[in-house]
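Thanks for passing this one over. Here are my notes, written as I went through the model with the sequence alongside.

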Amino acid sequence: MLNEHQKKLVKMIQGLGAKYSTWSVFNDFLTMAATAISNAVDPVHREDREKLYMEAIGHYRKDEQSVFPEMFTVLVQAADQAMAMEGPKDILGAVFHDLELHNKYKGQFFTPQCIADMMAQISGVQEPPEGKDYIRLCEPTCGSGVMVISAAKVLLKEKKSPAANMVALACDLDFKCTCMAYIQLSLYGIPAVVEHANTLTCEVFSRWYTPVYLWNGWLLRERIGITTTDGAEDDRALITTLHPVEWALLSCMAMITDKKQKPLEEKSGPAETQPEIVEPELPRTVPEAELFVRKNGQMSLF
């Protein structure tokens, strides 16, 4: 059942949809919301995603464009209401079905929230694997992200924060689903990389990092992707945008969390200018990491 804010969002989409088609308005709203979130935290892909945003909003008159920020506000209110009443919930998947768009696009249906909750509860996500203090999830056909959302709900019931106790890779071939999953996982504070990808052929078309994935140091703690080449390229590009202070803080956060320390050896410069810097043991080797603690050939954190 839709809450009051979901119902309001449906009416707003239908209002513009009477002129432009409900399908187009919903798709454009998802594109604009996803790119707006991404551009606030991901400088590497900002230019390309800004073009996506401008292309989507360019379909509408000036007076109509203001409706989309209002839609996003209503979406946030719907997520807040869900969190207060029952925990994280698949807001956009329910809206997608209420708009009856599932009947018009490849027979696409999303897993009901109650089924996803039951599957997450019996899957044992409460207990991390041996050697880890967090769980890792892979959802190769994520749809609107409901399975990952349900896993976060289980952790919350166990008094564990999803932001610190789980990380997810969510993939879908449909870009609309990529946007839905990315928006919702971002709003619920779930560390995740959402990929627009074909998981059968291992083709990755774009990667979307949720804000908490970047802010909580998961880029150093647990790098994820369905292909190491594509994932490593994006990860390296993002890391090079970090300020030395940010890199140092994220490194410390990752080390404290994982309780792992590994000296970062410097091979150049006078010995007296090389203070000891420690870096967490990473699943992938990224030589560029040394760049973030150098300034004019010397080690610098401040």
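1. Ground rules. This is a predicted model, where local features need pLDDT of at least 70 and side-chain atom pairs count only at pLDDT 80 or more, while totals for chains, interfaces and linings use all residues. Residues are numbered from 1 along each chain as its sequence is written, and side-chain values use heavy atoms, with hydrogens and water left out.

2. Confidence. Contact here means heavy atoms within 4.5 Å. Helices (H or I, at least four residues) and strands (E, at least two) are DSSP runs, numbered from the N terminus.

3. The sheet. Four strands make an open, mixed sheet, in the order β1-β2-β3-β4. The edges belong to β1 (135–139) and β4 (203–209); each has a single partner strand, so one side of each has no neighbour in the sheet. On average, neighbouring strands are turned by 15° against each other, direction ignored. Two strands count as paired if DSSP finds at least two bridges between them.

4. Strand β3 (residues 192–198) pairs with β4 in the antiparallel sense over 6 bridges. Which residue of β4 stands opposite Val 193? That is Tyr 209, while Glu 195 has Arg 207 as its bridge partner in β4. The two strands form a hairpin with 4 residues between them, and Cys 202 in the turn has a positive phi of about 60°. Is β4 mostly covered or uncovered? It is mostly covered, with 5 of its 7 residues buried. Buried means under 20% relative accessible area, exposed over 50%, partly exposed in between (1.4 Å probe, protein chains only).

5. Helix α10 against the sheet. Helix α10 (residues 175–187) packs on the sheet and touches β2 (166–172), β3 and β4; its direction makes about 175° with that of β3. Axes are lines fitted to C-alpha atoms, for helices over the stretch in contact, and angles run from 0 to 180 degrees between N-to-C directions.

6. The whole structure holds 8 aromatic pairs. One of them joins Phe 175 and Trp 208 in a tilted arrangement, 6.0 Å centre to centre with 50° between the planes. This pair links distant parts of the chain, since Phe 175 is in helix α10 and Trp 208 in strand β4, 33 residues apart. Phe 175 is partly exposed at 24% relative accessibility, whereas Trp 208 is buried at 2%. Rings of Phe, Tyr and Trp (its six-membered ring) pair if their centres lie within 6.5 Å; planes under 30 degrees apart count as stacked, over 60 as edge-to-face and the rest as tilted. Elsewhere, Tyr 20, Tyr 60 and Phe 68 form one aromatic cluster.

7. Helix α8. Of the 12 residues of α8, 9 are buried, among them Val 146, Ile 149 and Lys 153. The buried residues pack against α7, β1, α9 (162–165), β2 and α10. Just after α8, Lys 159 takes a positive phi of about 65°.

8. Val 95. This residue is in helix α6 (residues 91–98) and is buried, with a relative accessible area of 0%. Leaving aside neighbours within four places in sequence, Val 95 contacts Leu 2, Gln 6, Leu 9, Val 10, Ile 13 and Phe 26. Val 95 and Phe 26 are 69 residues apart in sequence but 9.5 Å apart in space, C-alpha to C-alpha.

9. Two loop residues to look at. Ser 21 is not a glycine, yet its phi is positive, near 90°. Ser 21 sits in the loop between α1 (4–20) and α2 (22–41) and is partly exposed at 31%. Glu 100, also not a glycine, has a positive phi of about 60°. Glu 100 lies in the loop between α6 and α7 (113–122) and is partly exposed, at 48%.
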